[in-house]
Structures are given as structure tokens and as C-alpha cells.
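Reader: I am new to reading structures like this one. Could you take me through some features, one at a time?

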Amino acid sequence: MRRQVLKRKGSAVVVAAVALTSLAVVPAEATGSAVAWRACPTYSDDVLRALGVDDGQLPEVRTRLARLECGVVSVPLDHDRPRGRRIDVAITRLKATDQAHRLGALALNPGGPGGSGYLMGVQVGTLNDETRKLGERYDLIGFDPRGVGYSTKVDCAPPEGGEEEPATGPITKEAAKVVFDRESAALTACANSDPAFLGQLTAENVARDLDLVRAALHERKLNFLGVSWGTWLGAVYRSAFPATAGRVFLDSVAPPRFRLDTFEDARAAASERSSDRQFTWLAQHDDTYHLGTTPAEVRATVLAMIRDFDANPRHYTDIPMPVDGSIIAVTAEQRSDIWPLTGTILHELKESTGPTAPPTFKNVVMGPPRQPLPPGTPEGQNPTMGHATFCNEDPSRLDFDHAWAAFEKRVADNPATGRSLRFSGGCNGWPLPVQEYRLRHSNNTLVLAGHRHETVSVFQWTADMQAATGGRTYTVEDDVHGSVLRVPECAADLVHYFTTGHIDNGCPGAPGPDAPTTLTTPTTARFDLTGSGQTGLGLTASN
């Protein structure tokens with residue numbers, strides 16, 4: 001999930017009302033929805049490379065782009081006021097190549113909230129030979145949810161400042177209060193810039209947009225594939241439109257009830273559990289990493305390093321950042337395919353005497369220079385939509401004292417990884433009403449793919465979602481967020497489900513530390529050293 005993405009903002013305001021929605025919504029045929037088809041955007045090779053396409057894939061991607069159809073569907077901003085203000089939802093369609101055996105349309109969402117799925121139909125087909133088959137019997141429907149990319153959107157300014165946190169060591173309560181107030185002010189200003197629009201950014205409204213897209217495409221049913229936050233959107237769509245939702249596959253499942261504070265608690269605990277797995281592996285390879293011969297010894301070594309680096313931050317002469325205990329904690333929470341790298345980093349930092357940084361650590365910190373995106377690169381993630389959607393649905397909105405207490409407890413409860421967490425004010429300060437959505441249980445077809453060891457979408461959430469919605473679970477034996485599409489064996493099961501409606505119980509998932517990688521996207525050695533504590537269910541970049 002790079003471990004991902006979205007950092008939430010917060011401030012203090014009394015919530016005026018809470019809307020609980022659980023009833024199914026009437027389908028959309030009566031609205032007379034239609035697609036306004038138009039020329040697709042053009043993308044240079046440099047833009048495609050920035051989107052993750054390597055040179056060997058360019059010819060295939062160009063072929064798929066040549067077949068792509070692009071358009072917009074006009075939808076009500078407020079679905080309860082269909083004659084009011086309207087907005088555009090941008091969609092793409094890649095028609096099935098086997099029209100004689102076509103099964104329907106398959107909508108795709110990569111996560112977020114705020115993630116663009118506009119080109120997902122093109123991208124999915126290039127991952128491996130198995131995902132390429134998805135487009136044989138299904139029209140692949142990409143779309144930008146309201147608030148994202150080519151759809152109608154609002155962009156709020158990020159919080160000003162940001163230099164108040166101490167350069168090294170744990171954040172103090174005083175510094176946290178500055179962060180809290182700054183984020184609060186930014187959230188309030190953002191919401192007040194266009195409350196009519198921003199207050200309508202919810203998963204339920206995106207789901208209602210999606211059913212209007214289905215009607216505009218003249219599809220009797222719409223199948224759905226969602227990853228990360230896209231699993232929440234898919235669950236809401238299936239719940240709201242049981243008569244028109246087709247086959248639904250959800251990978252890296254979101255919790256069925258969203259509350260930001262408990263959401264962050266669950267993620268932090270999952271990271272601590274993951275560190276235990278890493279420590280076990282490092283102990284088995286003590287002849288290489290020299291951190292301890294038992295998991296307990298490795299844990300003790302790491303905890304001692306966190307304390308030492310917090311008390312005595314390293315200021316290496318050849319990297320721009322000081323190194324304190326948070327860096328050790330971030331290293332301890334990485335996923336298993338890079339444990340050989342994290343083991344090397346921990347060993348090098350433990351033995352380092354300066355003045356220059358250890359070579360492996362320096363390579364990770366510095367890495368290749370990040371290049372600016374070339375002109376014409378489509379938006380991949382809209383932070384405003386992400387913040388608004390989370391905050392519109394978050395009933396917690398803690399004041400500072402409660403947010404600080406929750407943060408301190410989270411750090412204390414997770415000693416090996418808690419220092420990686422960032423303090424944030426969450427959604428306190430978002431002045432618009434809370435809009436919770438209550439899922440409905442049904443017997444409609446649904447597959448919930450949970451990853452046993454991942455820390456972004458916690459494995460327990462898969463069982464929780466099944467209890468709330470029905471469906472069957474599919475267990476991926478890895479710790480990589482949203483890996484089903486990228487692991488050929490797992491992708492084959494997914495394609496089989498959409499083709500036949502049947503699926504087995506799971507797949508091995510992405511390779512671990514002792515296996516040569518077979519992931520179909522590059523695994524970077526530059527993991528995120530900025531710490532977790534990000535809030536968001538989005539598809540992230542280090543997977």
C-alpha cells in the first residue's frame with residue numbers, strides 16, 4: 001500500500017446530523033441516462049511510462065488505447081434531487097474481444113477513495129496472460145468517480161505550514177496540537193469552499209452514479225471488480241442495487257462499518273503482528289543479519305535500536321534526513337518480499353559508526369531522483385475526494401484530547417512499529433453531516449478476497465464483511481495489498497469466477513522473502529520511509 005497514501009486532516013466541530021442509509025435504491029432506467037461519447041485523451045509514451053507502462057508493453061497498450069471508447073454520463077449531484085445541479089462522471093469502455101461469447105460489462109475500481117479507474121481497463125490487460133483474458137468476454141468499464149480525474153471535481157488547498165513537528169524523536173503533545181489545529185483549519189476551509197458538492201462525496205453516491213452508468217450503457221446488470229477502498233464501493237453497490245449488481249469480486253476487503261479511530265487501531269495492530277513474522281524470519285537467517293537467533297532476541301534488538309536512535313539521532317553527512325527511531329520502526333513493518341532488504345538495513349544501521357550513511361540504507365533513502373510528471377499525465381489520486389469521502393462517512397471526529405490519547409495508546413500498544421505512526425487530527429473539523437451507510441445482507445454472488453498477513457486491509461475485515469453482506473471468502477496467503485490481479489495463479493481464479501461464477505477457496509499469493517519474485521509489476525527497493533499512520537484504503541504504490 002509504498003505503503004500508501006492518504007493522510008487525513010481534522011478539526012473540532014459539532015456534527016449537526018447523522019444520516020443512516022440502508023435501503024436499496026430504485027434502479028436508474030427511468031432517468032433516460034445516456035453516454036455522451038467523445039474523443040479519448042491522447043497520451044505520449046512518456047505519460048504511459050509515468051503510469052507504469054514499460055517499453056516492452058507500449059505496443060500492446062497502444063493497441064488497447066486505439067480500441068478504447070471514452071465518454072461522460074451526466075448524473076445528479078444530489079440523487080435525492082434529480083432535477084437539481086448535475087455533474088459529469090467520466091467513463092471508458094474497452095469492448096470484449098469475443099463478442100460472440102460476451103458475458104456483460106465489468107466495472108473496475110482501483111481504490112482510494114479518490115483513485116482514478118479511467119484507464120484501469122487498459123492497465124489490467126497488461127498485467128499478465130490471465131488478466132488479459134478478462135477482456136475477452138467482458139466489456140471493461142473504467143471510470144473516474146465523482147470528484148476525481150476527468151469527472152467533475154473540486155481541489156482544495158493542502159494545509160499550510162507543516163514544519164512544526166520536531167525533526168527527530170517522538171512528537172510532543174504541543175507539536176501535535178499545532179498539527180491538529182492546522183489540519184482542522186484546512187478541513188473546515190475545504191468543506192466550506194463548496195459544501196454542496198463536497199457533502200455529496202460518499203461511496204453511496206458513487207454507487208448510485210455507477211448504476212446510472214449501467215443504465216446509460218444499456219446493461220441489464222453490471223459486474224464489479226474493486227480493490228482496497230473499491231471493495232467498500234463494491235459492497236455498497238451490491239447492497240444498494242441487488243437487482244442490477246452482477247458478479248462482484250472484492251480484493252483486500254474494507255471493514256463493513258467505517259470509523260477512523262478503530263480503523264487506525266486495527267491497522268497499527270496488524271503492522272505489529274507483521275513485525276513478529278519478520279523477526280521470526282530474521283532469526284532464521286541470523287548468520288546473515290546478526291540481529292538475534294530467536295524472534296524474541298530480534299525484537300529486543302529492534303526495540304533497543306528504536307530507543308537508541310530516538311535518544312541519539314544519526315546525522316549522516318551524505319543524506320539530507322536525520323535518522324531516529326521512527327526509521328527503525330518503519331523498517332520493521334515492511335512486507336515480506338523485501339525482508340532481505342530490511343534485514344540488511346537493520347544490520348547496517350545497528351553496526352554503523354558514521355559519518356556517512358550505510359550503503360544499502362543510503363540507496364533506499366536517496367534512490368533515483370523523482371522526476372516531475374510529464375504534461376498530460378492523468379490524475380491518479382484526488383486528495384480532496386479522499387478526505388471528503390472519508391470524513392463524510394466517519395462518525396468519530398475526535399477532539400484533540402481524545403485524538404492525542406488514542407495516538408499515544410496506539411504507539412504504546414505497538415512497540416516495534418508504533419513509532420512509524422504519524423499523528424493526525426483525523427476528520428475532526430469536517431463541518432458537514434456524517435453519512436453512514438448500513439450494508440444489507442443478501443444472497444447475491446460475491447467473492448471477498450482477504451490477504452492473511454497484510455497490514456493495509458486487515459484480514460479480519462474479510463470475515464466481518466462476510467457477516468454483514470454474505471458472499472464467500474477467498475484467502476490469499478500473502479501480505480501484499482491487492483495482489484490478486486498481479487499474481488497469475490490468483491488472477492486465473494478471478495477470471496474463472498467472472499467467467500463461470502465459481503471459485504475455489506484461495507491462492508498462495510505473492511512470493512515471500514525466500515522465493516524469486518513472480519509479481520507482474522516491479523517491486524521497488526525504495527520502500528516508504530516516511531512512516532505509516534496514513535489513513536485511507538487506497539491502492540498503494542509499494543505493492
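Reader: Is glutamate 454 buried or exposed, and what is the nearest side chain of opposite charge?

Author: First, the terms. Buried means under 20% relative accessible area, exposed means over 50%, and partly exposed lies in between (1.4 Å probe, protein chains only). Lys and Arg count as positive, Asp and Glu as negative; His and the chain ends are not counted. A salt bridge needs a side-chain nitrogen of Lys or Arg within 4 Å of a carboxyl oxygen of Asp or Glu. Now the case: glutamate 454 is buried but has no salt bridge. The nearest side chain of opposite charge belongs to arginine 267, 7.0 Å away.

Reader: What should I know about the model itself?

Author: This is a predicted model: local features need pLDDT of at least 70, side-chain atom pairs count only at pLDDT 80 or more, and totals for chains, interfaces and linings use all residues. Residues are numbered from 1 along each chain as its sequence is written, and side-chain values use heavy atoms, leaving out hydrogens and water.

Reader: Which side chain makes a polar contact with the side chain of glutamate 454?

Author: A polar contact is a pair of N or O atoms within 3.5 Å; within protein, one must be able to donate a hydrogen and the other to accept it, and residues adjacent in sequence count only if both atoms are side-chain atoms. Here the partner is the side chain of serine 252, at 2.6 Å. A polar atom of the glutamate 454 side chain also lies 2.8 Å from the backbone nitrogen of serine 457.

Reader: Where does glutamate 454 lie?

Author: Helices (H or I, at least four residues) and strands (E, at least two) are DSSP runs, numbered from the N terminus. Glutamate 454 is in the loop between strand S10 (447–451) and helix H18 (460–469).

Reader: How do I read the phi of serine 252?

Author: Most residues other than glycine have a negative phi, and most peptide bonds are trans. Serine 252 has a positive phi, near 65°. Serine 252 sits in the loop between strand S8 (245–251) and helix H10 (260–284), and is buried at 0% relative accessibility. Histidine 218 also has a positive phi, near 60°. Histidine 218, however, is exposed, with a relative accessible area of 70%.

Reader: Which peptide bond at proline 113 is cis?

Author: The bond from glycine 112 to proline 113, with omega near 0°. Proline 113 is in the loop between strand S5 (104–109) and helix H3 (120–124). Another cis bond joins glycine 354 and proline 355.

Reader: What does the side chain of asparagine 223 reach?

Author: The backbone oxygen of alanine 105, at 3.0 Å. A polar atom of the asparagine 223 side chain also lies 2.7 Å from the backbone nitrogen of arginine 247. Asparagine 223 is in strand S7 and is buried, at 7% relative accessible area.

Reader: How many residues has the largest nonpolar core?

Author: In soluble globular proteins, nonpolar side chains tend to be buried together. A nonpolar core is a set of buried Ala, Val, Leu, Ile, Met, Phe, Trp, Tyr and Cys residues joined through side-chain atoms within 4.5 Å. The largest one here has 61 residues, and those with the most contacts inside it are Ile91, Leu198, Trp232 and Trp430. Apart from that core lies another, of 41 residues, including Leu106 and Val447.

Reader: How many residues of H9 are buried?

Author: 12 of its 12. Trp232 is one of the buried residues of H9.
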